Structures are given as C-alpha cells and as structure tokens.
Amino acid sequence: MSDDSTRISRRAMLAGATALSAAALAPRLARAQGGAIRLGTLTPLTGAGGPYGPPMRRAMEWVVGEVNAAGGVLSRKIELASEDDQTNPEAAVRAARKLIDVDKVAAIMGTWASAVTTAVAPLCWESKTFLTTVSGSDTITQLPHQGYLVRTQPNTHLQIGKLGDFILSLKSKRVFVLAAQTPFAVPSQKRLAEVLGKGGSELVGGVIYDKDKATFRSEIDQALKAKPDMIYLNGYTPDTTVVMKELYKAGYTGAKIAQGYAVNQKLLDSMPAEVSDGTYTATPSPAVDSAGYKRLAKFLGTADLDPYSCQCHDHASLVVLAIAHAKGEATGTAIKDHVRKISQGGGAKVDNAVDGLKLLAQGKEINYEGASGPCDFTDTGDIIDCKIRYDQAEKGKFKQVTIL
Amino acid sequence: MSEVAQLLVNGLVAGTILAVPAIGFTAIYAVLRFPNFTVASHATIGAFAGYVANTAGGLPAWAAVGVAFLVAGAAGVVNDEIVLKPLRPAGALTAAIAAVALTIVLENVVRFIWGNDLRGYDLPIRRDWQWAGLRIGPQQVENLVIAVLAMAALFLFLAFTRTGKAMRAVADNPMLAGIKGINADMVARLVNFVGMGLAGVGGMLLGLDTSIDPLTGFRVILSVFAAAVVGGLGSIPGAVVGALTIGVAEELSLLSLAPAYRTAVGFAAILVVLTLRPRGLLGERAY
C-alpha cells in the first residue's frame with residue numbers, strides 16, 4: 001500500500017513537472033514565433049563620426065519601415081533599438097551591452113569607427129549576436145569572430161592597395177603619411193609602402209599623431225623634413241582640418257590625398273579654398289546606378305549619398321533577409337548561417353528587402369545586391385571587391401577624377 | 001638644434017594659450033575650493049560665441065574674443081548659480097562630480113544648437129613667417145598677444161582694484177574676509193565670471209588657429225587640469241608656469257616619443273610633480 005502510494009505520487013510529480021515546464025516554455029515559444037523581431041543599430045550620432053551616424057540610422061529605419069509596411073518577416077514586425085556609440089569605444093561598449101542584455105537584439109548594425117567595432121565585436125560573438133559594420137581596418141575581420149561579423153566597407157588592404165595604384169598613376173615619387181592614431185594607421189602605412197615600392201615610388205616616412213590635440217605643428221615639421229611630393233592624410237575630419245591648414249601655413253605646396261570620409265564637403269566649407277584646392281580624395285563608391293541607391297537617395301532627400309548610408313541600408317536588408325531565409329529564426333547564429341545564402345550565389349538578384357522577402361516566401365533563392373554594391377562576403381566577413389571614386393577639390397567643391 | 005628651437009617656440013605658443021583657461025580654472029579653485037571641470041564646456045561656449053560674433057556679426061578676431069569672454073563668463077555665473085552653488089555645501093567632491101555632469105550637459109546644449117559639424121572662423125589663413133630655419137604663424141603671434149594681454153589685465157585687476165583685492169582675500173581666508181565685510185557670494189559670482197570668461201577666451205584662441213566643434217573644450221581639459229596642478233592648484237602665476245611647462249614638455253617629448261603618446265606627458269607631469277612637490281611648482285598660495 002505504501003509502495004503504491006509512493007509510485008502514484010512520483011508519477012503525479014513527473015506529470016506535474018512536465019506540465020509546469022511546458023507552461024513555462026509556452027509563452028516563450030509563442031513570443032519567439034509571433035512577437036516582434038528585435039534588431040539594434042549602433043551608429044556614431046556624436047563625435048568624429050557625428051556627420052554620418054544620423055543618415056546611417058535613418059537608412060536602417062527606412063528599410064525596417066518598408067518591411068513592416070509590407071507585412072514584416074513571416075508576419076512578424078521588426079523593432080529597432082537605436083543607440084549612439086559617440087565614436088568612442090567606451091561609450092560603444094556600454095551601448096552594445098544595453099542592446100544585447102536589455103533589448104535582446106539578434107543583430108547590431110552600423111558601427112563606424114574601427115576602434116568602436118574592435119571594442120564591440122567580442123561582446124557580440126560571445127553573446128552570439130550578429131554584427132554588421134562599415135569599419136575598414138584589416139584587424140577587424142582577423143578577430144576570432146566565429147562568423148558573427150560581416151562588413152560592407154572594403155578593408156584597408158583592398159582600399160590602400162587601390163589608393164597606392166592611384167598615387168602611382170599620379171607619378172608621385174616621395175610619399176609621406178600623416179595618420180591619426182587608429183587601428184588602421186599602421187597596416188595602412190605598411191600596405192602603402194609595399195604598393196609604392198613595387199611601382200617605383202617610395203614611402204619616405206610617416207607620423208602617427210594623437211588626434212585629440214589642438215595643434216600638429218611639430219608633426220608637420222617632421223613631415224616636411226622628409227621633403228615629400230605627396231602627403232597621405234590618413235585621419236578623421238577634425239584633425240585633418242587642422243593638419244591641412246597647418247600644412248598650408250607651413251608653406252607646403254605638394255600634393256595631398258585623403259579618404260573621402262575625412263576630407264568631405266563640410267571640411268571644404270570650413271576653410272578657404274586655397275587651403276584645400278588640389279586635394280585628392282578616395283571614397284568607396286556605392287552602386288550609384290542601382291535602383292536601391294536611387295530609392296534610398298529619394299527617401300533621404302539627397303542626390304549624393306554617403307557610402308555609409310548605402311551600406312547601412314544593405315546591413316538592415318541583409319539581416320532581415322537572412323532571418324527570413326532561416327525560416328524566421330531571429331538569432332545571431334541563424335543570421336550568421338544564412339547571410340551568405342541570400343547575399344551571393346546563383347539566386348535571383350534583388351536590390352531591396354521587400355522584394356527579397358516575397359521571393360523567399362515563394363521558396364526561391366535570392367542574391368542580394370544593394371545600394372552599396374554586390375555585398376558578397378569572404379569566409380572571414382570581408383567584401384570581395386569594390387569600386388573607389390577619386391575626386392579632387394577645386395575652388396571649395398569636389399570634382400570627380402575617376403572611378404577605379 | 002634648430003629642431004629643438006622650433007619645438008620650444010611651438011611649446012611656448014601652445015603653453016601661453018593653455019595658460020588662459022588654466023588661470024580661469026585655478027582662480028575658481030582658489031576661491032571656491034573645488035575643481036570646476038565645466039571650464040571645458042565654457043571654453044566651447046566661448047569659442048562658439050566668438051564664432052557667432054565673428055561670422056554672423058562680422059567682428060574682427062580681437063573683438064570677437066571680447067564677446068567670447070562676456071558670453072562664457074555670463075554663462076559661467078548662471079550655471080554656477082543654478083547648478084553648482086546649491087551643491088557646494090555638500091563638499092568639494094560632490095561639486096566636482098556635478099561639474100563633470102554639467103559640462104557634458106552644456107556640451108550637448110552646444111551640440112543641440114550648432115550640431116556636430118566643424119566650424120572655422122572667418123579669417124584669412126596666412127602662410128607662416130620663416131626665419132633662420134624657424135617658423136611661426138601670424139595667427140600664433142596674434143593669439144600670443146591676446147593671451148598675454150588677457151593675463152596682464154587679470155594681474156592688474158587682482159593687484160590694484162578693490163574687487164580684485166577682495167577676491168584674493170576670500171581665497172586666502174574666507175572667514176577673515178567675511179568678518180571684514182566682504183560679500184562672499186558676490187566674490188563667488190565674480191570669480192566665476194572672470195574664470196569662465198577666461199576659459200571662453202582660451203577656447204576661442206584654440207579655435208582661431210584650428211577649428212571648433214562641441215568637443216573643443218573637452219579636448220584640452222586634461223592639459224588645463226595638468227597645468228593647474230603642476231603649477232600649484234589655486235596659484236595664478238602657478239597656472240601660467242604650469243601651462244608653459246606642459247606646453248613645452250609636450251612638444252619636447254616629440255624628440256624621443258612618438259606623437260601618439262603626447263597626451264601621456266600631461267599625466268606624467270602630474271605624477272612627477274605630485275610625488276616630488278605635492279603643492280605644485282609654486283605652491284598653492286603664491287601670488
């Protein structure tokens with residue numbers, strides 16, 4: 001008798017436990033299938049990247065808005081949580097922690113500065129959150145990210161290789177680098193020395209400076225001592241502004257080249273034309289003829305989109321399509337496993353998320369080609385190829401020189 | 001040799017400009033006994049006030065510097081009255097932390113109005129003068145003159161006017177000054193006005209040679225703080241000596257250090273001075 005009662009109560013307990021755990025699981029399952037998909041944006045709304053962050057974020061909000069208006073991903077709405085990385089690794093880590101721990105996002109999109117991406121990436125791969133970035137430093141895809149990271153910006157190796165070719169085509173013989181302290185400063189300088197050396201030109205020296213200083217007179221003295229005929233200004237806008245003015249004051253008359261994110265129209269507007277005239281800029285060129293680019297340009301109300309807005313448009317589209325391809329599994333791991341299945345390969349070409357979702361719903365394979373370019377990734381998360389546009393400042397405005 | 005001379009020239013120019021906000025910082029410390037880190041945001045406010053006076057108002061640089069002084073000074077008085085004054089009785093640490101918070105708020109107010117973009121003053125950019133292998137810019141010389149004039153005016157004010165003497169009295173012994181009938185509240189307002197005004201002038205002088213954005217003041221606050229500590233917190237001549245020391249040391253460090261480590265010189269200077277001479281080069285009570 002006593003045996004019997006024990007058995008019954010054990011069975012009852014088992015049943016009870018099962019029921020309880022099922023009850024506990026049920027709402028979670030329901031939420032995972034029917035609730036909103038949460039994604040995060042982490043862009044530089046303030047700091048050196050401040051001019052770029054706001055349109056980057058708007059581009060992603062627009063993609064999400066379009067997808068939601070068209071019924072969401074497998075009938076689930078997407079919710080965006082947006083944070084400001086302040087172009088500052090410490091602030092970025094705090095913001096990323098909030099996105100991962102509080103908002104529980106499946107992906108963080110849009111980190112801009114290489115130092116920020118380097119700081120945020122470990123949080124992402126450890127928490128299995130997918131990270132999409134526009135940072136260019138080589139070191140980023142060399143991190144042990146286990147696939148939880150892709151970038152749409154050409155890496156330093158690719159960009160500087162092309163920049164070196166362009167400098168060679170200008171027949172500059174003595175090139176000097178004035179670089180801000182960033183993760184890409186040293187790799188850039190090495191790569192440039194390599195390319196120039198092969199082409200019969202020479203890197204005659206380089207200075208890496210602290211970009212938060214108010215004046216760089218002494219650094220410029222070092223540069224001019226090397227008697228360069230071309231200076232590569234590898235910094236961000238605030239420090240490059242100062243460096244360019246000081247080069248002019250110091251009487252430097254040789255050529256100058258910089259990245260397009262550093263020497264932009266705002267920089268030209270902030271100084272007299274004689275200081276900036278003749279400066280070349282290199283900008284990864286978005287797919288300006290694509291329909292995706294034109295639609296985004298129309299929405300953002302400008303004919304000339306910066307590459308980062310285009311790339312962020314593609315980040316949001318790629319993430320949404322990868323989730324759809326994973327049958328709605330909105331996790332970083334699912335995005336990691338499916339992003340290359342919708343970004344490259346032999347599927348039907350699509351240039352926006354809404355069309356892609358329709359085709360995926362019909363069971364077709366797709367190959368996303370976005371506003372920034374083909375968006376094809378290597379195993380380590382780099383893009384395979386890109387076009388670079390070269391401009392030259394003339395009377396305070398940019399004039400396109402060539403696209404290579 | 002000419003390299004060392006050039007670095008010395010650069011360092012002295014940088015140090016003289018740094019001295020202006022450092023004096024403001026140390027003067028406020030002398031009277032109110034807490035490190036008022038809002039010097040950073042008031043330098044930015046001054047830089048933007050001068051920018052508006054220069055670009056929209058069409059004033060020349062020297063007149064715009066006057067506007068920078070008045071606006072930053074007035075902002076300093078208002079901000080202190082509303083935010084920091086009520087917190088000061090809770091102790092220097094509370095006030096210092098509140099000042100850090102306030103400076104971030106003020107920086108973002110500037111950002112809210114003018115945005116993140118870089119702005120340059122409406123001034124011609126002139127080539128440097130070259131002389132015996134050395135070079136110095138006309139704008140640097142002008143800045144030097146403005147900085148020296150501002151400092152001279154302050155010294156004359158403190159040494160010869162009744163209000164200046166009252167300020168020194170409160171800094172020296174607030175209780176005795178109170179017994180003598182000096183209104184400590186008025187002196188606090190005055191030192192805030194002068195101190196933050198000087199911070200504003202410093203911010204504008206920094207921007208004149210370069211460009212300004214909402215972080216202009218924040219970028220130099222470490223050097224300003226280092227200058228004041230090295231010279232002796234609370235000592236006005238000390239701030240000048242400290243600023244020149246930091247300016248020259250940061251430049252001369254380039255002889256042996258990569259430029260990326262230049263900011264570390266300020267920290268190293270604080271460490272060395274606090275270890276060997278905890279009261280700073282001139283001590284805290286030197287006038």
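Trainee: In which loop of chain A is A:K104 found?

Mentor: This is a predicted model, so the values here are computed from its atoms. The loop that holds A:K104 runs between two elements of chain A, namely helix 3 (89-102) and strand 3 (107-111).

Trainee: What is the phi of A:K104, and is A:K104 buried, partly exposed or exposed?

Mentor: Most residues other than glycine have a negative phi. A:K104 is not a glycine, yet its phi is positive, about 50°. Around A:K104 there are 13 other C-beta atoms within 10 Å, so the residue is partly exposed.

Trainee: Where does A:K327 lie, and is A:K327 buried or exposed?

Mentor: A:K327 lies in the loop between helix 13 (307-325) and helix 14 (332-343) of chain A. A:K327 is another residue other than glycine with a positive phi, near 60°. A:K327 has 10 C-beta neighbours inside 10 Å, and therefore counts as exposed.

Trainee: Is A:V150 buried or exposed?

Mentor: A:V150 belongs to strand 5 (residues 149-151) of chain A. A residue is buried if 20 or more other C-beta atoms lie within 10 Å of its own. A:V150 has 27 C-beta neighbours inside 10 Å, so A:V150 counts as buried.

Trainee: What do the buried residues of helix 8 of chain A pack against?

Mentor: The buried residues of helix 8 (residues 217-225) of chain A are A:R217, A:S218, A:E219, A:I220, A:D221 and A:A223. They pack against elements of both chains. From chain A these are strand 6 (174-180), strand 7 (202-209), strand 8 (230-234) and helix 9 (237-249), and from chain B they are helix 1 and helix 10 (236-252).

Trainee: Which helix of chain B gives the most to the side of chain B that touches chain A?

Mentor: The contact takes 30 residues from chain B and 31 residues from chain A. Helix 1 (2-32), helix 8 (184-209), helix 9 (216-231) and helix 11 (262-276) of chain B each supply at least two residues of the chain B side. With four residues, the one that gives the most is helix 1 of chain B.

Trainee: How do the residues on that side of chain B divide by class?

Mentor: The side in question is the one of chain B that touches chain A. Its residues divide into ten nonpolar, eight polar and twelve charged.

Trainee: At what angle do helix 3 and helix 8 of chain B pack, and are they parallel or oblique to each other?

Mentor: The axes of helix 3 (residues 61-87) and helix 8 of chain B are 6 Å apart, at an angle of about 135°. The crossing of helix 3 past helix 8 of chain B is right-handed. Their contact has 17 nonpolar, seven polar and two charged residues. At about 135°, helix 3 and helix 8 of chain B are therefore oblique to each other.

Trainee: What radius of gyration does chain B have?

Mentor: Chain B has eleven helices and two strands, and buried residues make up 53% of its 287 residues. For a compact globule with 287 residues the radius of gyration would be near 19 Å, which agrees with the value for chain B, 18 Å.

Technical notes. Residues are numbered from 1 along each chain as its sequence is written. Chains are lettered from A and ligands numbered from 1 in the order in which they are written. This is a predicted model: local features need pLDDT of at least 70, side-chain atom pairs count only at pLDDT 80 or more; totals for chains, interfaces and linings use all residues. Two residues are in contact if their C-beta atoms, placed from the backbone, lie within 7 Å. Ala, Val, Leu, Ile, Met, Phe, Trp, Tyr, Cys and Pro count as nonpolar, Asp, Glu, Lys and Arg as charged, and the others, Gly among them, as polar. Axes are lines fitted to C-alpha atoms, for helices over the stretch in contact, and angles run from 0 to 180 degrees between N-to-C directions. Angles under 35 degrees count as roughly parallel, over 145 as roughly antiparallel, 65 to 115 as roughly perpendicular and the rest as oblique. A crossing is left-handed if the near helix is turned anticlockwise from the far one by less than a right angle, and right-handed if clockwise. A residue is buried if 20 or more other C-beta atoms lie within 10 Å of its own, exposed if 12 or fewer, and partly exposed in between; C-beta atoms are placed from the backbone. The radius of gyration is taken over C-alpha atoms; the globule rule is 2.2 Å times the number of residues to the power 0.38.
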